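Here is a short report on the structure shown below. Please read it alongside the sequence.

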Amino acid sequence: MAQYAILIFDDAAADDYTPDQQAASKRHADDLIGSGAMITAYALQSADTATSLRGDVVTDGPFIDSKEVVAGVCIIEAPDLDAALELARRNPAVQWGRGGVEVRPVAGGIPPLAG
Amino acid sequence: MTAAADVGGAVADAHRREWAVVLAATVRVARDLDLAEECVQEAYAAALSAWEREGVPDNPAAWLTTAAKRRAMDVIRREQTFRSKLPLLVEPEETVDELALDEVGGQKEEQVANLESVVPDERLRLVFTCCHPALAQEAQLALTLRLVCGLSTPDVARALLVSEQTMAARITRAKKKISAARIPYRVPRPAELPYRLTAVLGVIHLLFTAGHTAPSGSALMRTDLADRALHLARVLRDLMPDEPEVRGLLALILVTDARRGTRTGADGRLLRLEEQDRAVWDRAALAEAHELIVAGLRGGRAGRYLLQAAIASLYAEASTYEETDWPQIVALYDRLLSLWPSPVVALNRTVPVSMAHGPAVALAQVEALEQDGRLSRYQYLPAIKADLLWRLGRTDEAAAAYRQALELTSNEAEHAFLTARLRMSIGS
């Protein structure tokens, strides 16, 4: 088994998830937990609450100024990339047409992730 | 003892024909593309002296596979601890079976029989891994040439017109992603197959197009690349004979390739379809394509490759350019456009439209596509427009359009062709 980070991106200008969308996200997370694939997951506050540091300079806002920003991250376990993509595809962020996800293999972590 | 020249020829032949078979089978044991490649290369090198001593074996692929697998197993045993940390590229249970069989079996016949029963599937795995959608298309093209066709990195670089350094980096990066992201070494499940197959067909078609019309340089065709693509299309048809689009792609390549010898004149000048010597077209290839197309169209569910092949085949079937069945070609283009609404398809459709309904009707459609703007860098739009204007007697406008097309092309044969047309239109 391998671990993958699913970085969830959302439209920077979009409103918060509606109650329906929140419920769908919760159901998706529960499915991942139920199947044993979920290692951990975090939802982040909106990007306008972010503060970035580059060298000595502190700026208000996300590190990369773009239309889409990271909205959350989740670490899953899957046997291979196809299986990880299959789980990632079910993420509501992929379905709503206002963002999407990036899937990246995990190189390591602290505390050590179970392998 | 076998003569060195004969052995050299036999090894080269086995390299061209069996590379993918040998590599695909070795990957299962090596569980790592780099190690597998290394072992296969060594096996080919060892074959040179071994076959000179013992004679060329009846089944070179089986000999090479056994030699390459044995090397892979040696390396794995030696580096047990290191290798066990690498991701498993292959589903573990199958690898175990394979290893067990090799260790107990040992008899050559048994291995040959085993090889033949698993090989087709093995090559498919290799092709689908190289063309995985998680890899950029340029990486898919490079990996297919490198791993499935067995071309060296400098040859892949030359074929795809990039520097050797760039190509080496591209291939290394792609292999690293396969291993780090664990792109699985398997044929996709039926549910994913249509989407994944599209990627494979796209790669083979791109290789063929790149070989057929080299985007720059003096030779219009890099025939080796076109030959490789034709070979890949045949292999895929043998491996997946029931997929209509697999047959469609093979048919399309056959029809296009049948005219290979006549696309340029003796002086390297580009010849238009109506100027080409139809007697020289490869009738056997056209007949083979025709059979594939008829069977495909009868089966329904015609996809884009089959429809393109049907169009190209209709062009080729007419005994002269004038006798081409233009309305039928327009009808096929309509079907193609409905499942593939691309401006390039719409542009190509205007050529038979001009023959069936006259140049004025076609010109209006070309101008609409020009307005659309998506083809603003596409040299064939002004080239087709120029031809239509010329046929309508609007020579000044035709000359302007030829000049525009000339600015957009970097292929020397096409450049010479357009220059000649421009001279004709300005009457000099």
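## Domains of chain B

The C-alpha centres of domain 1 and domain 2 of chain B are 25 Å apart. Domain 1 covers 188-341 and domain 2 covers 358-428; the bounds come from an automatic or database domain assignment.

## Basis

This is a predicted model: local features need pLDDT of at least 70, side-chain atom pairs count only at pLDDT 80 or more, and totals for chains, interfaces and linings use all residues. Residues are numbered from 1 along each chain as its sequence is written, chains are lettered from A and ligands numbered from 1 in the order written, and side-chain values use heavy atoms, without hydrogens and water.

## Interface of chains A and B

Chain B gives 11 residues to the contact and chain A gives 10 (heavy atoms within 4.5 Å). Together they bury about 780 Å², 48% of it on carbon and sulfur atoms. Buried area is the accessible area (1.4 Å probe) that two parts lose on being put together, summed over both.

Three salt bridges link chain B and chain A (a side-chain nitrogen of Lys or Arg within 4 Å of a carboxyl oxygen of Asp or Glu). One of them pairs A:Asp82 with B:Arg186, with the closest N and O atoms 3.5 Å apart.

## Cysteines

Across all chains there are zero disulfides (cysteine sulfur atoms within 2.5 Å). B:Cys39 is in none; the nearest cysteine sulfur, in B:Cys130, lies 17 Å away.

B:Cys39 is buried at 2% relative accessible area, and A:Cys74 is buried at 5%. Buried means under 20% relative accessible area, exposed over 50%, partly exposed in between (1.4 Å probe, protein chains only).
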